[in-house]
Amino acid sequence: MNGLDAPPRFTLAEMPTAVTPTWALSPALIERFDQLDLWDRFDELRTDGYTAIEGFVPHHEVDDLRELVVSELRSTNGAHDRRRRDGLYSVHRRFRELLVDPRQLALADAVCTEAQVAGQSATWRDNSCAAIPLHADVARWLPAPYSHHHMVMATVLTLDDFRPVGSGATGVVPSSHLLCADPAPEMRLRHDLLTRCAVAAGTLLCWLGTTWHGTMPRRDPGGRVSIQTFWTRPFMRPYENVWQIADDQLESDELRRRLRRSDGIQRSSDAPPTDGHAREVEVWRGHPVPGALVLP
Amino acid sequence: MSHERPLCFVHIPKTSGAGIRAYLSSKFALDETLITDSPGDFRSLSRDRLSEFRLICTHLGPAAADALPMPPSTVTFLREPLARSYSWFRNVQRRGEPDGPEYSRRAFEEAVDLMPANVMARSLAADELLPLPFWLADGRMGDDELFDRALARLEGCDVIGLVERHHESLQLLADRFGWAPPAPMPMINACRHNGAGLCLSPEGRRGFEERNAVDLELYARAIELFRRRLRISRPATARTRYEARVIERSRPLVGRHSADLGVPINGDGWTAAAVTEFGTVRMIGPSGQAHLDLAMGLPPMCTLDVHIGLAVVDSSIDSLRVTVNGEPVVLHRAYEGARVLTGDVHTPRPAPLITRILFEQSQSAANPWAGESERQVGVGIESVTFSTVGKATGTTHRPPSVDMLYRPSPPWVLQPSIIERFDELDLWDRFDELRTDGYTTIPDFIDPDTVDRIRSIVCSEAQRSVRPIEHASTWSLLHRDPVFVSIMMDPRQLALADASVGFGQLGYQAGILRDADCYPLSLHAEQSGWLPSPYSMHQHLLVTLLSLDDLDDDNGCTTFVPGSHFSRMDPPQGDEETARSAVRLRAPRGSLTCWLGGTWHGTHPRSAPGRRAGLHHIFMRPGLRPIQDYQHLPPAVVADPEVRLRLGLQDHLVRDESRRFESGDLRVAAGMRGFASEGSISLPWRPDDVDLDAMFAAELGGNTSSSGSER
């Protein structure tokens with residue numbers, strides 16, 4: 001019933017096709033990397049699947065930020081537990097400022113091409129929390145095997161020191177993103193495979209959505225506090241309702257764009273089409289623009 | 001099977017062969033080494049079996065090398081003929097066998113006339129496998145022919161060694177095969193004598209030289225060849241080449257890296273690998289020193305674990321001394337009797353690109369049961385592991401083994417509920433077309449009255465649309481009339497959507513109007529609006545078109561490239577041949593055409609007057625974002641929980657602080673990940689694929705690097 005013409009068959013070898021490179025850095029992004037001195041961080045992210053920006057939050061601000069997060073965790077209403085607070089950007093301007101830090105945005109854009117926020121959460125982990133098994137974050141969204149294009153980037157802002165032993169540090173399996181797959185069930189508790197991230201408070205850890213990572217159990221007294229942010233390509237759904245924050249709370253166009261307000265994708269009935277929509281789609285999909293740096 | 005040329009060591013007796021054999025064996029794995037002196041055993045090996053060996057050490061002569069399936073690199077050692085003969089004489093005497101040859105019971109002066117002559121030349125010139133004792137082999141060959149044939153064979157050897165230039169010969173070997181420059185190695189299996197017995201009378205020496213003239217001439221030519229080759233291979237150059245070869249693969253240590261000593265290693269001073277009940281180990285060779293070169297740069301601080309597989313006496317473990325890049329490492333055992341030694345390694349900056357671990361053991365800890373001439377140090381090392389903690393900066397790290405992978409989700413999973421719906425709705429043929437051709441059509445999807453009703457609304461809404469008339473279409477119509485919700489929720493459409501994308505959520509609904517002025521759409525894959533290509537093997541979109549007018553050549557229609565979804569790519573723009581390959585869809589009004597997000601399609605322009613109308617839906621995998629905003633639809637439209645699920649308004653991805661996990665979430669989550677469940681049917685990507693595992697292996701091709709073990 002597929003029409004009346006007898007369908008001619010292409011063999012795959014005969015089929016002329018077009019592909020999008022896995023990494024394409026636009027000239028604008030190259031300039032941002034230059035300005036922000038991010039090339040080493042990007043190289044680690046691309047090669048090892050993770051990187052860290054030390055001193056992301058100045059030392060003298062870390063304690064205040066931690067206190068702010070803890071107070072939000074304590075005041076959570078109707079939460080499932082008081083160890084996690086989603087939608088952090090909706091409760092305080094300081095958290096929204098963190099979202100639009102140019103270093104974080106530059107790395108996220110390199111990974112997700114016009115990255116947008118999928119969620120921002122505060123987490124508290126103490127010695128009652130179990131270890132988090134090895135996993136890849138993109139498994140929240142897509143089936144494996146994954147595409148060679150990166151759809152998700154995760155960042156964790158540490159507000160306590162991460163030490164190799166006892167602190168409940170996050171660990172990653174370096175270069176595991178190259179497998180484009182999930183760890184096998186029997187591997188998920190192999191925390192011995194992890195390279196533990198030993199970083200000071202105020203560091204931003206970044207990893208790709210396909211990088212295997214997990215969290216060691218905490219043995220030290222007290223809790224460790226961190227802020228986790230997920231970034232996705234524009235056409236991926238956020239994992240929390242980013243539209244819950246009122247428009248007038250979004251102080252900048254950058255913030256509006258990153259929280260999916262002005263990207264022109266999700267339009268209401270009768271909304272006029274966005275100018276240049278097709279061009280934006282090309283950018284979102286990672287098509288290299290003239291002058292782009294294309295990497296394997 | 002390795003495609004590297006094997007190495008064949010043509011072992012002429014009493015040419016330091018035992019030491020060379022031990023040296024060569026230390027460079028290969030145990031299971032790829034063949035040591036045999038029996039023609040019968042050698043002949044019993046099939047060609048397939050022979051092809052598995054990379055090192056063959058044999059007294060059987062060059063004929064063994066000729067019999068190998070792949071021409072080998074050959075190595076042989078020669079020795080000054082009189083010294084070689086005397087060594088052989090002493091060896092026979094030392095064995096003292098009652099039925100030994102007559103000459104073994106005489107003085108060497110007398111024995112030289114009775115011993116086999118020109119042994120080196122005969123062993124090189126023989127065309128047959130040489131039975132032991134091979135000096136009984138056919139000796140009818142004349143001296144000239146014998147010399148010519150032996151010399152030809154000698155010149156054909158990749159490496160010619162001389163016992164008198166033992167260390168330089170090892171350097172030639174290492175250089176030729178890219179091994180680590182060798183440390184001085186004691187001779188093993190060597191007869192201890194003071195050389196006094198070599199003092200023949202002038203008559204005796206003359207007689208020896210007459211009988212062994214061919215060997216003497218051959219040895220003289222061997223010296224000439226050796227010198228020539230040595231001039232080409234300078235030790236400093238050889239070391240540089242070796243280090244360059246190792247550095248080429250050098251990577252910074254990230255996480256952990258284990259080097260297994262049971263496999264061929266970069267290093268020197270080791271014995272051949274040996275299988276023990278604790279695993280495959282290597283022992284430190286007779287010099288009491290061995291080193292291992294790892295293609296790896298160390299961070300400023302890391303830990304080293306040395307796994308001991310064998311200790312002749314337990315105290316020999318404690319006597320092991322280890323230095324890493326020249327820095328001593330203090331090793332300790334976690335408990336008495338532990339077979340793992342652990343220590344911290346501090347590496348000054350800049351770290352060398354080759355990490356050299358030197359193992360030393362005092363001779364007092366050597367194997368007390370080994371003969372003096374075969375001294376081995378009493379510790380067998382199974383592996384060494386470097387581990388780092390903390391944020392390691394650097395670059396490449398080998399990805400984990402594929403064994404660690406969770407089996408990926410099959411490209412097509414029909415859950416039991418879908419199977420039931422396909423049965424009830426008679427959709428199996430449609431599904432088969434969809435999977436094979438990338439598109440299918442359900443005729444008479446709705447009745448003519450409903451077609452008229454929908455067409456009327458689409459036309460009136462298009463008049464109100466702010467979109468330009470040349471691309472006349474409406475945006476979502478869900479709130480305009482309940483019929484649009486009914487069409488969206490049609491069980492046939494949803495069944496095909498769920499089969500294609502796990503759980504179909506609406507990403508787009510629009511009415512379209514196209515007349516003769518509308519430009520034809522060029523070929524494209526719908527999911528290019530969401531994702532970059534190459535696409536994964538999982539479908540992410542299902543597109544449907546409800547025809548509100550007949551689709552044919554005159555009215556205009558959609559065109560498809562059948563099977564194009566298998567390419568997982570976008571069509572090339574402006575390629576006329578591809579465009580010509582598209583087939584035009586002919587479908588009567590009221591039919592529903594469905595296609596996958598990866599199927600290449602376009603439009604054939606309308607030539608008839610008037611307009612054709614249609615209603616489009618795009619269903620997406622729930623991980624993707626719709627391009628319409630359904631959050632502001634009137635509550636009455638989205639009152640049904642199933643409608644809310646299909647619109648992505650009620651699932652685990654729209655979490656807020658007050659919302660708990662609900663039953664529908666599980667269906668959405670399972671659809672996102674495409675997991676198979678009990679009773680589900682998993683189908684391969686292409687209808688003619690049968691082996692899902694092979695398909696996944698191909699999908700993961702290029703990522704199958706082994707874990708960090710050193711070869």
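Colleague: Among contacts in chain B between residues at least 6 apart in sequence, what percentage join residues at least 24 apart?

Modeller: That share is 78%, where a contact means that the C-beta atoms of two residues, placed from the backbone, lie within 7 Å. This is a predicted model, in which local features need pLDDT of at least 70 and side-chain atom pairs count only at pLDDT 80 or more, while totals for chains, interfaces and linings use all residues. Residues are numbered from 1 along each chain as its sequence is written, with chains lettered from A and ligands numbered from 1 in the order in which they are written.

Colleague: Happy with that! How do I read helix packing, say for α8(B) and α11(B)?

Modeller: Two packed helices are described by the angle between their axes and the distance between the axes. Helices here are DSSP runs of H or I, at least four residues, and strands are runs of E, at least two, numbered from the N terminus. Helix α8 (residues 143–156) of chain B packs against helix α11 (residues 213–232) of chain B at about 25°, with the axes 10 Å apart. Axes are lines fitted to C-alpha atoms, for helices over the stretch in contact, and angles run from 0 to 180 degrees between N-to-C directions. The two are therefore roughly parallel (angles under 35 degrees).

Colleague: Which residues of α8(B) and α11(B) meet?

Modeller: Among them are B:Phe147 and B:Leu151 in α8(B), and B:Leu218 and B:Arg221 in α11(B).

Colleague: And sheets?

Modeller: Strands of a sheet pair through backbone hydrogen bonds, either parallel or antiparallel. In chain B, 4 strands form an open antiparallel sheet in the order β22-β27-β24-β25; pairing takes at least two DSSP bridges between two strands. β22(B) and β27(B) are joined by 2 bridges, and B:His524 has B:His601 as its bridge partner in β27(B).

How values were computed. Angles under 35 degrees count as roughly parallel, over 145 as roughly antiparallel, 65 to 115 as roughly perpendicular and the rest as oblique.
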